[in-house]
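Here is a friendly walk through one protein chain, written for someone who likes to see the cut-offs next to the values. Take a look at the model first, and then read on.

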Amino acid sequence: MCDDEHHDHDHGHDHGHAQPQPLPPQGGTIHVADAKKAPPFYLNLAGYLRDTGKSGIKMRQGVFNGSRVDYFKGKGAVNALLKDTYKQKVKGGEPVNTREDAIKVLNNLGRHGFILRVNRGDAIGGKGGPRILQANPQQELKEDSYYMWIWEGSQLKLYLGAVGLVITVLAAVLFPLWPESLRLGVWYLSVAVLGLLGVFFGIAVVRLIFYLITIVFLPRGIWMFPNLFEDVGVIESFIPFWAWDEPKKSKKAKPSVTQEATSAAAAAAGVAADPAPVAAAATTEKE
C-alpha cells in the first residue's frame, strides 16, 4: 500500500505529519504520507469509512506504540464500498463495482496516509481488551487482514466540545457572581423543567392505572396516549387521546416434522392430506 520510492523524496522533510512507523524486527521503516495533502475524494472516503453508522464497519480498539487506535478488518471496508450508501455519500473519484475495484481504492487510501496494515498481538488485560498492534511489512490490502487508522479526521467537534465543557464548568463555579436577574431566570427554568418531568411521570402512572381498571371490566384494556413512549415527535406522542390495547399476534404453530413428512408422502402418492374426502369417496362407492 505504501510506495517508498514515490514518497521518500516528497515527505522525508515533513516530520510534523509524516513520522516513520517502526516495522517488526524483520522489516525496515514505512514512510507514511501526509493525509492532509490527499485529493478531496480520499478525504471524503475516509470520512465515510470512519462513520460506522453509514459504512457499517466494525471498529476495534488496539494499542500501537503505546497509543490507543481504532482498527478494522479489510473485509468490512470492502463491503462498505460495495454498499449503495457509498455511492450516495462519496461523489467522484474511482468507481467501485466489484471487490477488486474496492481493494484498489483502499490500497490508494493507504498510499495517501490514511490507514496502515497491522498484525494483531495479545490482548491487554485479558480477553476482550485492546490488542497490541504492529505494522506489517506487506502493506497491500487483503480482506482477512487488519488495518488501523492513522488519520483521525477533523478535530473541530472535539475542540468545540472541550471549550464548551470549560465554559460550562466556569459558569457553574461563578454562579454566585451572576446578576440577580440571570440567577432568577435559571431558577425559573429549572423549576419549569422539573415540572414538565413531574407531569410526564404523572401521565405515565395515570394511564397505567386506567389501563388496569379497564382491562378488568372490558374485553380489552384502553391506553391513554398510546403513542406516549413511541419513537415519534412530541405532538404525535399525545395523538390519539386513547386507543384499544392491540392483542399480540400469535405465531402460527409450525407443522411438526412427522406431519410434513406425511403430507409430502401423501402428495407424492396422489392422496389428499385431509382424510375427509377419502372417507366420503368410500361411502359413495358402498352406496
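## Charged pairs, a nonpolar patch and some backbone details

R99 is partly exposed, because its relative accessible area is 29%, and the class runs between buried, under 20%, and exposed, over 50% (1.4 Å probe, protein chains only). Before going further, please note that this is a predicted model, in which local features need pLDDT of at least 70 and side-chain atom pairs count only at pLDDT 80 or more, while totals for chains, interfaces and linings use all residues. Residues are numbered from 1 along each chain as its sequence is written, and side-chain values use heavy atoms, with hydrogens and water left out.

What does R99 pair with? Its side chain meets that of E143 in a salt bridge, at 2.8 Å from N to O. This pair links distant parts of the chain, 44 residues apart: R99 belongs to helix α6 (residues 99-111), and E143 sits in the loop between β6 (131-135) and β7 (146-149). Helices here are DSSP runs of H or I with at least four residues, strands are runs of E with at least two, and both are numbered from the N terminus. E143 is also partly exposed, with a relative accessible area of 24%.

The structure holds six salt bridges, each defined as a side-chain nitrogen of Lys or Arg within 4 Å of a carboxyl oxygen of Asp or Glu. Side chains of opposite charge can pair when their charged atoms come close.

The E140 and K142 pair is part of a network: salt bridges that share partners join R117, E140 and K142. E140 is partly exposed at 29% relative accessible area, and K142 is partly exposed at 39%. In the remaining pair of the table, D51 is partly exposed at 29% and K54 is partly exposed at 35%.

A patch of about 1200 Å² includes V205, L208, F241 and W242 among its residues. Patches are made of residues with over 30% relative accessible area and no salt bridge; nonpolar side chains (Val, Leu, Ile, Met, Phe, Trp, Tyr) are joined within 5 Å. Which element gives the largest share? That is α8, with eight residues. V216, in helix α8, counts as exposed because its relative accessibility is 60%.

Helix packing is next. Helix α2 (residues 40-50) and helix α4 (residues 74-81) pack at an angle of about 115 degrees, with their axes 11 Å apart. The axes are lines fitted to C-alpha atoms over the stretch in contact, and angles run from 0 to 180 degrees between N-to-C directions. α2 and α4 are therefore roughly perpendicular to each other, a class that covers 65 to 115 degrees.

Finally, the backbone. Most residues other than glycine have a negative phi, and most peptide bonds are trans. N65, in the loop between β3 (60-64) and β4 (67-73), has a positive phi near 55 degrees, and N65 counts as exposed at 52% relative accessibility. F225, in the loop between β8 and β9, has a positive phi near 50 degrees, but F225 is buried at 13%. A cis peptide bond joins I239 and P240, with omega about -5 degrees, and P240 is in the loop between β8 (222-224) and β9.

Notes
Patch = residues over 30% accessible without salt bridge, like charges linked within 9 Å, V, L, I, M, F, W, Y side chains within 5 Å. Areas by Shrake-Rupley, 256 points an atom, 1.4 Å probe, with all protein chains shown as cover. Parallel < 35°, antiparallel > 145°, perpendicular 65-115°, else oblique.
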